[in-house]
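Q: I have a model open and would like to talk through a few spots in it before I set anything up. Could we go through it piece by piece?

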Amino acid sequence: MVGGGSDSLIGVVHRIAANMGDNFNLIGGAFSIDFKLAESFAAKLELDHTRVYKTIDDLIKSEHLLPENERMQVITVATPNFLHYSMSKQLLEAGFHVICEKPVTTTSEEAIELQQIAERRQAVFAVTHTYTGYPMVRQMKSMISEGMIGKIQKVDAQYYQGWINPVIHDPEERKKVWRLDPSKAGSSCCMGDIGVHAFNMVEYTTGLTIDSVLCDLNMLYDDNLLDVDGSSFLRLSNGSKGIIRASQIATAEENNLRIAVYGDKGGLKWEQENPNYLYHVIEGQPMQVYKPGNPYTSDFEKKSVKLPSGHPEGIFDAMGNIYNGVAAAIREEDYFDGAYPKIIDGVRGMRFIEAALKSNAKGQVWEEI
C-alpha cells in the first residue's frame, strides 16, 4: 500500500477488505511521507520492517531486487488525489497490478494514459468506487439487466454530506482542508469527491452511459476556488433523463448516497446508510423489499455476500467484494461483469467531472461527456 497509514481515513477500509476473501496479505508499503510514522504504523501491524519504504521509488527498486514470486503483486494507492496519476503510472510501468482510490487522476488525459499503459502491460487496474460492491447494489444491477423494471425512463442519484459546513465559513480554517486546495484535490471538490460516485452508480446499475450533463455548481464564497455543492441534469444513452445532486454543505448530513431508477414497469431504490434493503416498486402492486443472502437474489448478489441472511453487510464488505473481483481477474478466473470497477470507470468519472465544470463555467449549458 502507498499511503493509507495511521492518519488515513480510507486505509483501514482497504486493509480489512483485502483480507476478507483470504486472497491478499498486506506485505508492506510506503505508508506516509513521515517515515517514523510509517515505521511505527508498520510495527503495530507486525509487518516486516524491511518492506516498509520511505518513498514509492524505494519500494519499486527494492521489490525488483526480490525474486518475482516474492514481490508485492498488487499495490493499493490510497494517497491524496494529486498523487494518483504519477504513482499509478510508476507502478504500472514497473509491472505491478494497481488498486487506486478515486478520482483516479485529476484530468481525463491522465486517466486515458493510465488505461493505455494498463492495457499494454496487461495489468489489472481497479478504481475503488466502493459502493458498487454492496450486495443490494449488485442485485439492483442484475434486476435492471434482466428487464424487471422495463425500459428505464428516469434516474435520480443523490450524495449529500455536511462535513465541509463547519469549516467553509472560516477563511483560515478552510485553507487547512486539502480537498479545497486545487493543487492537491484537482479541479473539483464536491463533484470530484462524491458527485463522481453518484455518476458511477448511475452507469453501473443501469448499464447505460450518461451522454451529456447540464451542471450548476456552488462554491459558496468567491474566494473558495472549488465546488462544494452542485446539481447535474443528465441525458442518458437510451434517451431517458436524470439528475445527480451532490453536496458537502448539506448541514448535518453524514453519508447520504441514494439512487432510484424508474422503468416503465417499476422502479428500484437503494440508500447507502441503510444498505441491506433494496426497494422494488411495481405499478399497481405492493412494494417489495429485497435483502442480502436470500434464495430469491441473483447469482451475482449471492457471490457478493459473506454471511447468512439477516447479518448486515456494510462498507468493509463492499470494498472486500472489489478486492475479491481483482483477485479473480489476476488469476484469470471467471467473474461477473461489474465484479470490480475498472480503469475505464475511472476515465468515465474524470470525463464527467470535466464536463460538469465546463457546463457550469459556460453558464449552465449542456456539455457532452
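Q: Which backbone nitrogen does the side chain of Gln-139 reach, and at what distance?
A: Bearing in mind that this is a predicted model, the side chain of Gln-139 reaches the backbone nitrogen of Ser-298, and the distance is 2.8 Å.

Q: Where does Gln-139 sit, and what else does it touch once residues up to four places away are left out?
A: Gln-139 has its place in helix H6, which covers residues 135-145. With those sequence neighbours not counted, Gln-139 touches Leu-278, Tyr-290, Tyr-296, Thr-297, Ser-298 and Glu-301.

Q: Buried or exposed, and why?
A: Gln-139 counts as buried because its relative accessibility is 2%, and the cut-off for that label is under 20%.

Q: OK, over to Arg-174: which helix is that in, and is it buried or exposed?
A: Arg-174 is found in helix H8, residues 171-174, and it is buried, with a relative accessible area of 7%.

Q: So what is around the side chain of Arg-174?
A: The side chain of Arg-174 reaches the backbone oxygen of Ile-168 at 2.4 Å. Leaving aside neighbours within four places in sequence, Arg-174 is in contact with Val-167, Ile-168, His-169, Leu-180, Tyr-221, Asp-223 and Asn-224.

Q: Switching to the strands, what does S5 pair with, and in which sense?
A: Strand S5, residues 152-160, pairs with strand S9, residues 256-263, in the antiparallel sense over eight bridges, while its pairing with strand S8, residues 241-247, is parallel and runs over seven bridges.

Q: What about Ile-210: which strand is it in, and why does it count as buried?
A: Ile-210 lies in strand S6, residues 210-218, and it counts as buried because its relative accessibility is 0%.

Q: And what is Ile-210 in contact with, neighbours within four places aside?
A: With those neighbours set aside, the contacts of Ile-210 are Phe-199, Val-202, Glu-203, Leu-234, Arg-235, Leu-236, Ile-244, Arg-348 and Ile-369.

Q: Now the largest pocket: what is its volume, and which residues lie nearest its centre?
A: The largest pocket has a volume of about 1,200 Å³, and of the 44 residues that line it, Ser-8, Leu-9, Ile-10, Trp-178 and Arg-179 lie nearest its centre.

Q: Last topic, helix H1: which of its residues are buried, and what do they pack against?
A: In H1, residues 11-20, the buried ones are Gly-11, Val-13, His-14, Arg-15, Ala-17 and Ala-18, and they pack against helices H2 and H12 as well as strands S2 and S3.

Q: What follows H1?
A: Asp-22 follows H1, and its phi is positive, near 55°.

Terms used: Residues are numbered from 1 along each chain as its sequence is written. This is a predicted model: local features need pLDDT of at least 70, side-chain atom pairs count only at pLDDT 80 or more; totals for chains, interfaces and linings use all residues. Side-chain values use heavy atoms; hydrogens and water are left out. Buried means under 20% relative accessible area, exposed over 50%, partly exposed in between (1.4 Å probe, protein chains only). Helices (H or I, at least four residues) and strands (E, at least two) are DSSP runs, numbered from the N terminus. Contact means heavy atoms within 4.5 Å. On a 1 Å grid over the protein atoms alone, a cavity is a set of points where a 1.4 Å probe fits but cannot get out, and a pocket is an open set with protein on both sides within 12 Å along at least five of seven lines; lining residues have an atom within 4 Å of a point. Grid points are joined across faces, edges and corners, and a volume is the space filled by probe spheres set on the points. A polar contact is a pair of N or O atoms within 3.5 Å; within protein, one must be able to donate a hydrogen and the other to accept it, and residues adjacent in sequence count only if both atoms are side-chain atoms. Two strands pair if DSSP finds at least two bridges between them.
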